[in-house]
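Colleague: Please take me through the backbone and the pocket of this model, with the cut-offs stated as we go.

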Amino acid sequence: MTTKTITATALALLAAMPSAAGGSVATYTIQTDKPRQTVLHFGASDAWSMKYVGRWPEAEQRKVADWLFSTDCDEAGKPKGIGLSLWRFNIGAGSEEQGEASMIQPSTRTECMVGPDGKFNPAKQQAERHFLRLARERGVPHILAFLNSPPVYLTQNKLATNTGRGGTLNLGSDRYDDFAAFVTTAIEGLERYDSVTVDYISPLNEPDGHWNWLGPKQEGTPATNREVARVVRCLDNRLGKAGLQTKILVNESSDLRCLLGTHMTDWQRADELRALFSKDSTNTYVGRCRSVLPVIAGHSYWTNTPTDTMRNIRMRLRDAARRLGVDYWQTELCIMSNDVEIGGGGGYDFSMKTALYVARVIHHDMVYGNACSWSWWRAAGGDYRDGLIRLYGSDGMATGWAADSKLMWAIGNFSRFVRPGAVRHDICATAADGSVVAGGDTDAYGVMCSAYRNTDGSWVVVAINYADTARPFGIALGGRKAASWAMYRTSDISAESLAPIGTTQGSTELAPRSVTTFVCQPGSSPQQ
């Protein structure tokens, strides 16, 4: 697609959008006969905070775990947590044991669970594994393990950072099978010692990320598409021999544009969707591997502004993935310096400013990217906009306490109610005079609305009001008004963090700067 075509498409999309100030949309009708993707999970990552939180006093740990994973409600009917259904667990490479020699900052170093002797060491990553068990105790149904680097004893430079080596995989050319054995042993160890089954394994995180060879702040290594394919094939073989049902996830791209073409790198790390899943790509095709999910995974960094570009990239990815018969998972996002609309990532933000911005990204990934899974980056962090929870501590974070945020609860407007197996349905937006508003389910600076049907038959609508003014809002289910919708809202009001705010018969008003979830239980609607 040429630049001229992309520009014309973007302008057409903008023209079709309802005005943020017009308030022209009156009713959002769920198209019960137009199902789209099946949504598998919403998640977040343990890196690198749980090596601290997992050693804190039990009461503080359980508070954090309840916020992230609980699907229970208190006596007033308010959700105790956001009910994440996927937990991303980081398998460390051993930079912690190297200390200063690792060239990695202390807060992002990790221990290694499998030693050079090939044996699982239950004394390693105990804090992270403890929190992994807390997730399972609260019913988190899916675990995704990921690696930023092979273990240091298998890398070419004996470090978990690739800095200074260029853009190829930091793994000895004769150690690929050893790396696959390492990953397999780690998965088996988690099951044996922690009774945790790893559903998905991502062996190479952000292999196209140019940061991987620019600075040694954290564990990481780039890889070419051919190197990715070789790792995947070796791992597929090892998983099969071990009788494990764990599925392999690729490619955890650092930027969605790398999935579709060449972006800030060269041809060896470009056009990853086609390289990995087109049968014509004989050197890199992994679709025949038994353990490989028919999924392309990418991170939404750097593609969320301006809003017309955000939409266009996701539509291109959706269509390209569909042609190859694979799904799209968005597996990582936090705020970066280019997110200038909300001031970039520096300095933690407890308010709706970041929460609304991220909710808008989720909406675009779900509605225009057809994402089947969506995950935030860190579950908890410090004074930067990368954590759902803000951590405070002293004495090297040996003890501390945690504070929740509007960002966490706004993500909960999706994760708590859109449960694994839910199917997204199209929405038709109509104006007060009954006319259809093209693209009316997405006013990037006004109301954005998406609808889902859970496996228990309940319907869920998530409505984002980005505007500073209240907006009238009506829901119709297949052309008929539902009998009753329960409402849960996250807004600028301090008490409204996924708070129950009553019920509606289908007509209400969206509060300014808010995310509201509407839930219609089976039997409360004339049409199911």
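Modeller: Buried means under 20% relative accessible area, exposed over 50%, and partly exposed in between (1.4 Å probe, protein chains only). This is a predicted model, in which local features need pLDDT of at least 70 and side-chain atom pairs count only at pLDDT 80 or more, while totals for chains, interfaces and linings use all residues. Residues are numbered from 1 along each chain as its sequence is written, and side-chain values use heavy atoms, with hydrogens and water left out.

Colleague: Is Gln125 buried or exposed?

Modeller: Gln125 is found in the loop between helix H4 (95–98) and helix H5 (126–137); helices (H or I, at least four residues) and strands (E, at least two) are DSSP runs, numbered from the N terminus. Gln125 is not a glycine, yet has a positive phi of about 50°. Its relative accessibility is 1%, so Gln125 counts as buried.

Colleague: Why does Leu498 count as buried?

Modeller: Leu498, in the loop between S16 and S17, is not a glycine but has a positive phi of about 60°. Leu498 counts as buried because its relative accessibility is 0%.

Colleague: What is the distance between the end C-alpha atoms of helix H6?

Modeller: The expected span of a helix is 1.5 Å times one less than its number of residues. H6 has 19 residues (176–194), so it should span 27 Å. Just after H6, Ser195 takes a positive phi of about 55°.

Colleague: Which peptide bonds are cis, the one between Ala47 and Trp48 and which one ending at Pro306?

Modeller: Ala47 and Trp48 are joined by a cis peptide bond with omega of about -15°, and Trp48 lies in the loop between strand S2 (41–45) and helix H2 (50–53). Pro306 has its place in the loop between strand S7 (292–299) and helix H10 (307–324). With omega near -5°, the cis bond there runs from Thr305 to Pro306.

Colleague: What is the strand order in the open sheet of 9 strands?

Modeller: Two strands pair if DSSP finds at least two bridges between them. The open sheet has mixed pairing, with the order S17-S16-S19-S14-S13-S12-S1-S15-S18. Its edge strands, each pairing on one side only, are S17 (499–504) and S18 (507–510).

Colleague: In which sense do S1 and S15 pair?

Modeller: Thr29 stands opposite Ala476 in S15. Over 4 bridges, strand S1 (residues 25–39) and strand S15 (residues 471–477) pair in the parallel sense.

Colleague: Which residue in the turn between S10 and S11 has a positive phi?

Modeller: Strands S10 (residues 387–394) and S11 (residues 399–403) run antiparallel, joined by 5 bridges. Ser394 stands opposite Thr399 in S11. The two strands form a hairpin with 4 residues between them, and the turn residue with a positive phi, about 55°, is Asp395.

Colleague: What is the volume of the largest pocket?

Modeller: On a 1 Å grid over the protein atoms alone, a pocket is an open set of points with protein on both sides within 12 Å along at least five of seven lines, and lining residues have an atom within 4 Å of a point. Grid points are joined across faces, edges and corners, and a volume is the space filled by probe spheres set on the points. The lining has 37 residues, of which Trp48, Lys217, Gln218, Met336 and Trp377 lie nearest the centre. The volume is about 910 Å³.

Conventions. 1 Å grid on protein atoms, 1.4 Å probe; cavity = no way out; pocket = protein on both sides within 12 Å on 5 of 7 lines; lining within 4 Å.
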